[in-house]
2 protein chains.
Amino acid sequence: MVNIGIVGYGNLARGVECAIRQNEDLALAAVFTRRDPASVKILTPNVPVLPLEATADWKDRIDVMILCGGSATDLPKMTPVFARDFNVIDSFDTHATIPAHFENVNAAAVESGHIAFISMGWDPGLFSVNRLYASAILPQGKDYTFWGKGVSQGHSDAVRRIPGVLDCRQYTIPVESAMDRVRAGENPQLSTREKHSRYCYVVAAEGADKAAIENAIKTMPNYFADYDTTVEFISMEEMRRDHSGLPHGGSVIRSGVTGWDGENHQTIEYKLTLDSNPQFTASVLVACARAAMKMKARGITGCQTIFDIPPADLSPLPREELLAHML
Amino acid sequence: MVNIGIVGYGNLARGVECAIRQNEDLALAAVFTRRDPASVKILTPNVPVLPLEATADWKDRIDVMILCGGSATDLPKMTPVFARDFNVIDSFDTHATIPAHFENVNAAAVESGHIAFISMGWDPGLFSVNRLYASAILPQGKDYTFWGKGVSQGHSDAVRRIPGVLDCRQYTIPVESAMDRVRAGENPQLSTREKHSRYCYVVAAEGADKAAIENAIKTMPNYFADYDTTVEFISMEEMRRDHSGLPHGGSVIRSGVTGWDGENHQTIEYKLTLDSNPQFTASVLVACARAAMKMKARGITGCQTIFDIPPADLSPLPREELLAHML
């Protein structure tokens, strides 16, 4: 039995809690929070909610700590600190600073003799490992990653900061015709605008200048200016009724050629269609907890990514069963 | 540089030869054949074609031997024998006897201190590892594997054995509506007939009884009787013009649920669309040669499968580059 601790208790952490319940060889040991523990009600019976400072007392009772903080400010500090006392897993997803995060976490984990998995989830995570498999198998080729249809929380937040906006849900939508060109082996050069479009459902305050809001969204640099963006104003009731979920997904497509002169086209596509982005990410983190313990038992320590995990370590099934039924 | 030997020189072996050419860190050392070497003309300049018995002289000059024999009779004998003298890779694809093959190869490889990869390719191989990832991440779910559209060589051969048939190309076609039901999360129970249909292009001898041929195909047990099968008679010219390739592919779909009460549906789909089945299979084998050398360097010996390979070992890129650009 792998005993798991959770740090934080937002959407991702609740997903971790639910995913642990689906695995008989994993158990939730405790949840640690920065909030007043008495104010945090979790789903699992008979599991304590404790203040963050209490982790020190749990070093011997937790096999793996899953860190459910944000990538902007929490994880860069949190993961190296926790890696001193625990085997840890995070979902650090700021692609540009992954190498620096890796170094910081690795230094702590190597020194303490723990194993630390960073950047787990689906992108980075499953999408990354599929990019790796596909590029290793089809070296003469090109990778394309499309995201959506799904809710981008960063973009939704950006719109919410515009004066007069009460709420927003922003959907990132892949351009199907661009995906079809990639699948057909055209190897197109695609601009930002050609790959994805954006759709914003906005609840405006009474009397707000909707034209001004729409303009502020569509011209927002980095977030929207480079995309075809549609803005639709809806009521708070519609928002609650139709947009309470956090769906997401996307596709990694490798288009390559084989043959003596590259005469045959080959396409590898990996596609996720997710009703709940945080719960799916959490399910990846939880499978990684099992792998962490197996790798640690073989003497592996330091910072590791999904590229380093022999896939069998993610599964609860013994080798005999994998050979007989899954290979 | 990884020096690769190839045993055999059929479609798969030629694909291996082409795939090696696409990788700067891999080199073809020699091709070994059961035929008269003088009768075998390979594509790569300055590489010897040698009789099978010559392998003994090449123990020190070949890092990995890729065995391009058939699964029915060649590989069950060949892989354990070659594993005594070489690190080996095969594409053994008789799912039912993989455990027995594993044991035989493992015994030989453990004793000789070599590493042996079996059942590499796409199914078994990439499809298997995707079934493993997906089932580990979504334990409450169901796997579906669909094949095609593609040429099944076994089914084509079976039709060719019918009296009056000069040639046949049999395409396995997945039933799109069944795939859509799976993607929609219906978790249907699908019969053999509901998952795939079969389409046979047949060249009949002059004066042959076409009705009898069609009936012999459609009622053939195991191969066709359980499927909706269409038979179309074409000329030898049409066969050569339109059906000379060996396309294939398929999808592995995992449909699962997450959440405290399984309230959210999640779908993982891995899809291959291949113009050349043997060349793609070969590309997997060749990437595995690199992984075999890296794992061997870490002291790993014995029989291994795609489940045991840390994905990073398949890539020629150093860790720093993987972290910076692929994760």
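A pocket is an open set of grid points with protein on both sides within 12 Å along at least five of seven lines. The model explored here is predicted.

**Exercise 1. Describe the second largest pocket: its volume, its lining and the elements that build it.**

Solution. 
- Start with the space. The second largest pocket holds about 1,400 Å³.
- Next, count the lining. It takes 37 residues. Nearest the pocket's centre lie A:Asp93, A:His95, A:Asp123, A:Pro124 and A:Asn277.
- Now find the elements that give two or more residues to this lining. Chain A supplies α1 (11-21), β7 (141-147), α5 (153-160) and α10 (277-297). Chain B supplies α11 (319-326).
- Finally, sort the lining by class. There are 17 polar, 14 nonpolar and 6 charged residues.

**Exercise 2. Decide whether A:Leu12 and A:Asp60 are buried or exposed.**

Solution. 
- Recall the cut-offs: buried means under 20% relative accessible area, and exposed means over 50%.
- Take A:Leu12, in helix α1 of chain A. Its relative accessibility is 15%, so A:Leu12 is buried.
- List its contacts, leaving out residues up to four places away in sequence. A:Leu12 touches A:Cys68, A:Ser91, A:Pro278, A:Thr281, A:Ala282 and A:Leu285.
- Take A:Asp60, in the loop between β3 (49-51) and β4 (64-67) of chain A. Its relative accessibility is 78%, so A:Asp60 is exposed.
- A:Asp60 and A:Asp85 are 25 residues apart in sequence, and their C-alpha atoms are 9.5 Å apart.

**Exercise 3. Work out which residues of helix α2 of chain B are buried, and what they pack against.**

Solution. 
- Locate the helix. In chain B, α2 spans residues 74-82.
- Pick out its buried residues: B:Asp74, B:Leu75, B:Met78, B:Thr79, B:Pro80 and B:Phe82.
- Look at their neighbours. These buried residues pack against β1 (2-7), β4 (64-67), β5 (87-90) and α3 (98-112), elements of chain B.

**Exercise 4. Characterise the contact between chain A and chain B.**

Solution. 
- Count the residues. Chain A gives 70 residues to the contact, and chain B gives 70 residues.
- Turn to area. The two chains bury about 6,300 Å² between them. Carbon and sulfur atoms carry 62% of that area.
- Find the main contributors in chain A. A:Gln22, A:Trp260 and A:Leu327 lose the most area to chain B, together 15% of what that side buries.
- Check for charge pairs. There are 4 salt bridges between chain A and chain B. One of them joins A:Asp308 and B:Arg319, with the closest N and O atoms 3.1 Å apart.

**Exercise 5. Examine the backbone at A:Pro124, B:Pro124, A:Asn187 and B:Asn46.**

Solution. 
- Begin with the background. Most peptide bonds are trans, and most residues other than glycine have a negative phi.
- Check chain A. The bond between A:Asp123 and A:Pro124 is cis, with omega about 0 degrees. A:Pro124 sits in the loop between β6 (115-117) and α4 (126-137).
- Check chain B. The bond between B:Asp123 and B:Pro124 is cis, with omega about 5 degrees. B:Pro124 sits in the loop between β6 (115-117) and α4 (126-137) of chain B.
- Turn to phi. A:Asn187 has a positive phi of about 50 degrees. It lies in the loop between α6 (176-183) and α7 (192-195) of chain A. Its relative accessible area is 34%, so A:Asn187 is partly exposed.
- Finish with B:Asn46. Its phi is positive, near 65 degrees. B:Asn46 lies in the loop between β2 (26-33) and β3 (49-51) of chain B. At 81% relative accessibility, B:Asn46 is exposed.

How values were computed:
Residues numbered from 1 in each chain as written. Chains lettered and ligands numbered in written order. Predicted model: local features only at pLDDT ≥ 70, side-chain atom pairs only at ≥ 80, totals over all residues. Heavy atoms only, no water. 1 Å grid on protein atoms, 1.4 Å probe; cavity = no way out; pocket = protein on both sides within 12 Å on 5 of 7 lines; lining within 4 Å. Points joined across faces, edges and corners; volume = space filled by probe spheres on them. Helix = DSSP H or I, 4+ residues; strand = E, 2+ residues; numbered from the N terminus. Nonpolar A, V, L, I, M, F, W, Y, C, P; charged D, E, K, R; others polar. Buried < 20%, exposed > 50% of the residue type's maximum accessible area, 1.4 Å probe, protein only. Contact = heavy atoms within 4.5 Å. Buried area = accessible area lost by both parts, 1.4 Å probe. Salt bridge = Lys/Arg side-chain N within 4 Å of Asp/Glu carboxyl O.
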